[in-house]
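Dear colleague,

I am handing over a structure that I have been reading, and I would be glad if you looked through it with the notes below beside you.

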Amino acid sequence: MRHKFFGTGEEGYSPLRKLKVWLSGLRYAISYDFSVAYKVVLSVIVLSVCFYFRQWIDFLLVMVTTGLMLIVEMLNTTIEALCDFVEDRENFKIKVIKDIAAAAAGISILMWLVVFLTEVSRIWYLVYPD
């Protein structure tokens, strides 16, 4: 697709090309970032169990927090890669930028973890009612 501001890229809009780029980025994130990969695996397991027990609100809550966490994790990875590309030496300003991005990722992971552990405990009581 042609970039409207820079005038780069190919002419025309192609939804299939957009989907291919989206899946490629997701594949890279899962393949090269272990923190993304294991969270995706854990979330898929919990989502599957919620789906099986027809816990729709729980399913949606896990899906939304997982999506937000993955977005922030991938943006953090992107910011760090760009910072390393722009400045390969020690730079205090780059450190602050990377620390802020890491803090955003940390907050999203904490939110995901609270929802994840809450849902795992709810599922536990569905499977093993005492």
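How are α1 and α2 oriented to each other, roughly parallel or roughly perpendicular? They are roughly perpendicular, where angles of 65 to 115 degrees count as such, under 35 as roughly parallel, over 145 as roughly antiparallel and the rest as oblique. The axes of α1 (residues 15–32) and α2 (residues 34–52) come within 5 Å and cross at roughly 100°; axes are lines fitted to C-alpha atoms, for helices over the stretch in contact, with angles from 0 to 180 degrees between N-to-C directions, and helices are DSSP runs (H or I, at least four residues) numbered from the N terminus. The contact (heavy atoms within 4.5 Å) is made by Ala29, Ile30 and Tyr32 of α1 and by Phe34, Val36, Ala37 and Val40 of α2.

This is a predicted model, in which local features need pLDDT of at least 70 and side-chain atom pairs count only at 80 or more, while totals for chains, interfaces and linings use all residues. Residues are numbered from 1 along each chain as its sequence is written, and side-chain values use heavy atoms, with hydrogens and water left out.

Further along, the axes of α3 (56–86) and α4 (residues 92–127) come within 9 Å and cross at roughly 160°, and these two helices, α3 and α4, are therefore roughly antiparallel to each other.

With regards
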